[in-house]
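Hi,

Here is the structure I promised to pass on. Have a look at it first, then read on for what turned up.

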Amino acid sequence: MLGWSLRWCNSIEYTLQTKNNSVPAFYTNRALCYLKLKKWEEAIKDCKRALELDSNAVKGHYFLGEAYMEQNMYDESIKNLSKGVFTV
């Protein structure tokens with residue numbers, strides 16, 4: 001699983017560097033890879049970037065909540081998980 005996540009992260013990184021880097025889904029997909037790799041700070045950064053591009057990005061809120069939870073930042077986690085779950 002970790003090998004897949006790392007390869008996927010690298011593919012997304014290449015896409016962001018060479019093509020359109022204003023697509024929120026690229027950032028949320030890479031954030032998911034970072035979550036699988038337990039790279040919480042990188043996941044948080046990508047989720048925030050996705051939310052800058054689209055404040056209604058459900059995956060951005062949800063994955064941000066997961067990353068905050070892993071860092072024991074429960075208030076922030078609940079706030080973002082709620083937005084991710086209740087905006088659908």
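Start with Arg30 and Asp46: these two form a salt bridge, and their closest N and O atoms are 2.5 Å apart. The pair links distant parts of the chain, since Arg30 sits in helix α2 (residues 24–36) while Asp46 belongs to helix α3 (residues 40–53), 16 residues apart. Do the two partners count as buried or exposed? Arg30 has a relative accessibility of 8%, and because the cut-off for buried is under 20%, Arg30 counts as buried. Asp46 is buried as well, with a relative accessible area of 3%. One thing to keep in mind throughout is that this is a predicted model.

How many salt bridges are there in total? The count comes to three. Some background: side chains of opposite charge can pair when their charged atoms come close.

Arg49 is partly exposed at 30% relative accessibility. Glu52, with a relative accessible area of 61%, is exposed; that follows because exposed means over 50%.

Then there is Lys79, which forms a salt bridge with Glu76; the closest N and O atoms are 3.5 Å apart. Where do these two sit? They are in helix α5 (residues 74–86), and because they are three residues apart there, about one helical turn separates them. Both ends are partly exposed: Lys79 has a relative accessible area of 42%, and Glu76 has 30%.

On to the aromatic rings. The structure holds one aromatic pair. It is made by Tyr62 and Phe63, whose ring centres are 6.1 Å apart; their planes are at 65°, so the pair is edge-to-face. The reasoning there is simple: planes over 60 degrees apart count as edge-to-face.

Met69, Tyr74 and Ile78 make a nonpolar surface patch of about 310 Å². Of these, Tyr74 lies in helix α5, the helix that also holds Lys79 and Glu76. Tyr74 counts as partly exposed, at 47% relative accessibility.

Now for the overall picture. What does the secondary structure of the chain come to? It has five helices and zero strands, so you can read the pattern along the sequence as α-α-α-α-α. Looking at contacts between residues at least 6 apart in sequence, 40% join residues at least 24 apart. The chain exposes about 5500 Å², with carbon and sulfur atoms supplying 55% of that area.

After that, you could turn to the patch made by Met69, Tyr74 and Ile78.

Cheers

Notes
Residues numbered from 1 in each chain as written. Predicted model: local features only at pLDDT ≥ 70, side-chain atom pairs only at ≥ 80, totals over all residues. Heavy atoms only, no water. Salt bridge = Lys/Arg side-chain N within 4 Å of Asp/Glu carboxyl O. Helix = DSSP H or I, 4+ residues; strand = E, 2+ residues; numbered from the N terminus. Buried < 20%, exposed > 50% of the residue type's maximum accessible area, 1.4 Å probe, protein only. Phe/Tyr/Trp six-rings, centres within 6.5 Å; stacked < 30°, edge-to-face > 60°. Patch = residues over 30% accessible without salt bridge, like charges linked within 9 Å, V, L, I, M, F, W, Y side chains within 5 Å. Areas by Shrake-Rupley, 256 points an atom, 1.4 Å probe, with all protein chains shown as cover. Contact = heavy atoms within 4.5 Å.
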